Amino acid sequence: MFPNSIPSYHEPPQAFIVDLDGTLVDTLGDFVAVLERVLTGLGLAAVDRGFVELTVGRGSEHLIRSCLAQVGGDPALYEQAWQQYQMQYRVLNGQFSEVYPGAREGLQRLRCLGLPMACLTNKPAAFARELLSQKGLDGYFDKVFGGDDFERKKPDPLPLLKTCEALGSAPARTWMIGDSSNDAQAAHAAGCPVVLVSYGYNHGEPIGSVPAQQYVDRLDEIKLP
């Protein structure tokens, strides 16, 4: 999954790619509320917050299938659940979420460097753009890409490589800033340096066990060369 050793990067960055859920915005409450509506609407029990926290990050399809399995729902309900999920998320997006302390300040600090920035998330692109707009974070980014913009999602490196192309930057000088092994695995495979935040959703595993060039408690604490 990860290389045996993590190289040190001394050259200054050319661009930044920033994850959304668990990195910029605490969206766990949105997921919990949406999934409760979806599952109870199908006559199923709701999943608890702890399960959602362990499961988010790999795209909506994975989340929905995992929740159906968790409550004993028929896998054949997936298409119906997906349609309901889309509808409910459209309604509730951003209502139960908060920008993390230091996130706005960190983005401003990066933006002041005058380098291109993209937000790259596994969340569907329309929901990502709406959330960034609601929270007043959209102005920091030159590009916003979601999980439905490419053929594969993180932890596959393809979204990062395509985002680097869109930004016009070399992967080796494009920093990936995220909160989970998904972000790190994709970045390492793409050849991007990795900065990981200590909060967020890392599937219940300590973030310090995930190889990275930096770990920070707030986005405005990122060390720049």
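**Reading the model**

Analyst: Serine 66 has its place in helix α3. Helices (H or I, at least four residues) and strands (E, at least two) are DSSP runs, numbered from the N terminus. This is a predicted model, in which local features need pLDDT of at least 70 and side-chain atom pairs count only at pLDDT 80 or more, while totals for chains, interfaces and linings use all residues. Residues are numbered from 1 along each chain as its sequence is written, and side-chain values use heavy atoms, with hydrogens and water left out.

User: Is serine 66 buried or exposed?

Analyst: Buried means under 20% relative accessible area, exposed over 50%, and partly exposed in between (1.4 Å probe, protein chains only). Serine 66 has 19% relative accessibility, so it counts as buried.

User: Which residues is serine 66 in contact with, leaving aside its neighbours within four places in sequence?

Analyst: Contact means heavy atoms within 4.5 Å. With those neighbours left aside, serine 66 is in contact with Phe51 and Thr55. Phenylalanine 51 is 15 residues from serine 66 along the chain, and their C-alpha atoms are separated by 9.5 Å.

User: How is the packing of two helices described?

Analyst: Two packed helices are described by the angle between their axes and the distance between the axes. Axes here are lines fitted to C-alpha atoms, for helices over the stretch in contact, and angles run from 0 to 180 degrees between N-to-C directions. Take α3 (residues 60-70) and α4: their axes come within 10 Å and cross at roughly 125°. Angles under 35 degrees count as roughly parallel, over 145 as roughly antiparallel, 65 to 115 as roughly perpendicular and the rest as oblique. α3 and α4 are therefore oblique to each other.

User: What is the handedness of the crossing of α3 and α4?

Analyst: A crossing is left-handed if the near helix is turned anticlockwise from the far one by less than a right angle, and right-handed if clockwise. The crossing of α3 and α4 is right-handed. On the α3 side the contact is made by Ser60, Glu61, Leu63, Ile64, Arg65 and Leu68, and on the α4 side by Tyr78, Ala81, Trp82 and Tyr85. For classes, Ala, Val, Leu, Ile, Met, Phe, Trp, Tyr, Cys and Pro count as nonpolar, Asp, Glu, Lys and Arg as charged, and the others, Gly among them, as polar. The contact of α3 with α4 then has seven nonpolar, one polar and two charged residues.

User: At what angle do the axes of α1 and α4 cross?

Analyst: Helix α1 (residues 28-41) and helix α4 (residues 78-92) have axes that cross at roughly 135° and come within 9 Å. That makes α1 oblique to α4. Their crossing is right-handed. In class terms, the contact of α1 with α4 has 10 nonpolar, two polar and two charged residues.

User: At what angle do α1 and α3 pack?

Analyst: The angle is about 55°, and the axes of α1 and α3 are 12 Å apart. α1 and α3 are therefore oblique to each other. α1 passes α3 in a right-handed crossing. Phe31, Leu35 and Leu39 of α1 make the contact with Leu63, Cys67 and Leu68 of α3. By class, this contact of α1 with α3 has six nonpolar, no polar and no charged residues.

User: Which residues of helix α5 are buried?

Analyst: In helix α5 (residues 103-111) the buried residues are Ala103, Gly106, Leu107 and Leu110. They cover an arc of only 100° around the axis, which puts them on the same side of α5. The arc is that of the directions from the helix axis to the C-beta atoms. What covers these buried residues of α5 includes β1 (15-18), β3 (98-99), β4 (117-120) and β6 (174-178).

User: Where does lysine 123 lie?

Analyst: Lysine 123 lies in the loop between β4 and α6 (125-134). Its relative accessible area is 6%, so lysine 123 is buried. Beyond its neighbours within four places in sequence, its contacts include Phe31 and Tyr89.
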